[in-house]
Amino acid sequence: MNFPPLKAALLMVAVTGSVAAIAQPSAYSKHRVVSGGVANCMFSTQVLAYKNDNAPGYRLAKTEFASNEPVFARCYFPADLVKYASLGRSYNTLRSNQTYNLDLVAILPGKQEELLISGIGGSYDRPTRDQVRLDIIRSGDCDMALDAAQARRWGISVRKQTKPNKFCPDMQRITAALQREYGDSPVRFCLRAFVPYADETQTIRTYHQGEVQYQKRPKNVQRKRIAEGCFTYDAN
């Protein structure tokens, strides 16, 4: 279809404008920092409220936590989650099960190796989601969660209210155990948000109730990291 020059120019502006609108986060925040396509995570001893950049939690923001202090976090994304839904020709968790992923890892002192503390799925409840609040606390309304085996490792017993088979992280207990094993220095923890995706699939042969079944599963899954932030915790 041929358009007159003026109409074609207006059409081009409309199309590029819509792409730009998708690329920009829905909610402005003066605390959002994007570098290399990855946004930041903030931490505080109080809740980091949504769309309230001057709330007390932000004035108490820090990256060094002392014994028994609670950890509240907010991770920002560089853009609305819908921007990342097109990644991967064959697989993307935003498309397949409406989730992205969040990991909390400890950087083992002296080794620079990572130990997974908690891995959860964040809900892709709206395409315009551009940030997430995470309460990394030991009460039942925590956001991060541990499975039963992880909870036993750290001696954690507080169950997550919405998922009784999951347990809430106790940063004091976890850090104390790591400091007993690796020394008294504060332990560094990093929180990351990412979208798993893949361009290829592979066929897996499985058995179910004595029958051979073939299932297609993603191959060479990659991670599109969209947020990261780190803090230290000292249990002494």
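The largest pocket has a volume of about 430 Å³, where a pocket is, on a 1 Å grid over the protein atoms alone, an open set of points with protein on both sides within 12 Å along at least five of seven lines, and a volume is the space filled by probe spheres set on the grid points, which are joined across faces, edges and corners. Its lining, made up of residues with an atom within 4 Å of a point, counts 20 residues, and those closest to the centre are Ile120, Gly121, Gly122, Asp143 and Lys160. Strands S6 (99-108), S7 (113-123) and S8 (131-136) are the elements that each give two or more residues to this lining, and S7 gives the most, with five residues; strands here are DSSP runs (E, at least two residues) numbered from the N terminus. Sorted by class, the lining of the largest pocket holds seven nonpolar, five polar and eight charged residues, with Ala, Val, Leu, Ile, Met, Phe, Trp, Tyr, Cys and Pro taken as nonpolar, Asp, Glu, Lys and Arg as charged, and the others, Gly among them, as polar.

The model is a predicted one, in which local features need pLDDT of at least 70 and side-chain atom pairs count only at pLDDT 80 or more, while totals for chains, interfaces and linings use all residues. Residues are numbered from 1 along each chain as its sequence is written, and side-chain values use heavy atoms, with hydrogens and water left out.

A search of the whole structure also finds one cavity of 30 Å³ or more, a cavity being a set of points where a 1.4 Å probe fits but cannot get out. About 30 Å³ of space lies in this largest cavity, and among the residues that line it are Tyr28, Tyr50, Tyr58, Arg74 and Tyr76.

From these spaces we can turn to the interior. In soluble globular proteins, nonpolar side chains tend to be buried together. Leaving aside residues up to four places away in sequence, Leu191 touches, among others, Cys41, Phe43, Leu134 and Met144, contact meaning heavy atoms within 4.5 Å.

The structure holds five aromatic pairs, in which rings of Phe, Tyr and Trp (its six-membered ring) have centres within 6.5 Å, and planes under 30 degrees apart count as stacked, over 60 as edge-to-face and the rest as tilted. The pair of Phe43 and Phe231 is tilted, because the ring centres are 4.8 Å apart and the planes stand at 55 degrees. This pair links distant parts of the chain, with Phe43 in strand S2 (residues 38-44) and Phe231 in strand S12 (residues 222-233), 188 residues apart. Phe189 and Phe231 form a stacked pair, 5.6 Å centre to centre with 20 degrees between the planes. Phe189 lies in strand S9 (residues 187-198) and Phe231 in strand S12, so this pair ties together parts that are 42 residues apart in sequence. Phe189 is buried, with a relative accessible area of 0%, and Phe231 also counts as buried at 0%, the term buried meaning under 20% with a 1.4 Å probe and protein chains only. Phe43, Phe65, Phe189, Phe231 and Tyr233 form one aromatic cluster.

Conventions
Helix = DSSP H or I, 4+ residues; strand = E, 2+ residues; numbered from the N terminus. Buried < 20%, exposed > 50% of the residue type's maximum accessible area, 1.4 Å probe, protein only.
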